[in-house]
Amino acid sequence: MKIRAKAKDDVLLLLSATVCCMLAWGFWHFLGQAAFSTLLVILTVGLLADNVRLRRKLDVLSRGGPARQ
């Protein structure tokens, strides 16, 4: 039973690695030089969103509100 579960896990791991590899190849292939700009925009938007979230949490904590995660 454990051997069958391990084999299934191994196949799923290979399948997910293949999908990730194909997505990465497609990203770099189709975007080319624009890939770096696209990554920069994605990272900047993510950083700004996290900054807004943390500022709101800090505002709630500074007012003595409950700490949520």
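## A leucine to start with

Leucine 23 counts as exposed, because its relative accessibility is 60%. Here buried means under 20% relative accessible area, exposed over 50%, and partly exposed in between, with a 1.4 Å probe and protein chains only. Leucine 23 belongs to helix H1; helices (H or I, at least four residues) and strands (E, at least two) are DSSP runs, numbered from the N terminus. Between the C-alpha atoms of leucine 23 and threonine 44, which are 21 residues apart along the chain, there are 21 Å.

This is a predicted model, in which local features need pLDDT of at least 70 and side-chain atom pairs count only at pLDDT 80 or more, while totals for chains, interfaces and linings use all residues. Residues are numbered from 1 along each chain as its sequence is written, and side-chain values use heavy atoms, with hydrogens and water left out.

## A nonpolar patch

Which residues form a nonpolar patch on the surface? They are Leu12, Leu15, Val19 and Leu23, and together they have about 380 Å² of accessible area. Leucine 15, like leucine 23, can be found in helix H1.

Patches are made of residues with over 30% relative accessible area and no salt bridge; like charges are joined within 9 Å, and nonpolar side chains (Val, Leu, Ile, Met, Phe, Trp, Tyr) within 5 Å. Accessible areas come from the Shrake-Rupley method with a 1.4 Å probe, and for residues only the protein chains shown count as cover.

## Where the helices meet

Helix H1 covers residues 2-31 and helix H2 covers residues 34-62; their axes come within 7 Å and cross at roughly 115°. Axes are lines fitted to C-alpha atoms, for helices over the stretch in contact, and angles run from 0 to 180 degrees between N-to-C directions. On the H1 side, Phe27, Trp28 and Leu31 meet Ala34, Ala35, Phe36, Thr38 and Leu39 of H2, where contact means heavy atoms within 4.5 Å. By class, this contact has 7 nonpolar residues, 1 polar residue and no charged ones.

Glutamine 33 sits in the loop between H1 and H2. Glutamine 33 is exposed because its relative accessible area is 70%. Its C-alpha atom is separated by 34 Å from that of arginine 55, 22 residues apart along the chain.

## Salt bridges

How many salt bridges does the structure hold? There are 3, each a side-chain nitrogen of Lys or Arg within 4 Å of a carboxyl oxygen of Asp or Glu. Side chains of opposite charge can pair when their charged atoms come close. Lysine 6 is exposed at 51% relative accessibility, whereas aspartate 10 is partly exposed at 35%.

Arginine 53 and aspartate 50 also meet in a salt bridge, at 2.8 Å from N to O. They are 3 residues apart in helix H2, so here too the separation is about one helical turn. Arginine 53 is partly exposed at 46%, and aspartate 50 is partly exposed at 32%. Finally, aspartate 59 forms a salt bridge with arginine 63, the closest N and O atoms lying 3.3 Å apart. Aspartate 59 is partly exposed at 34%, while arginine 63 is exposed at 69%.

Note on methods. Nonpolar A, V, L, I, M, F, W, Y, C, P; charged D, E, K, R; others polar.
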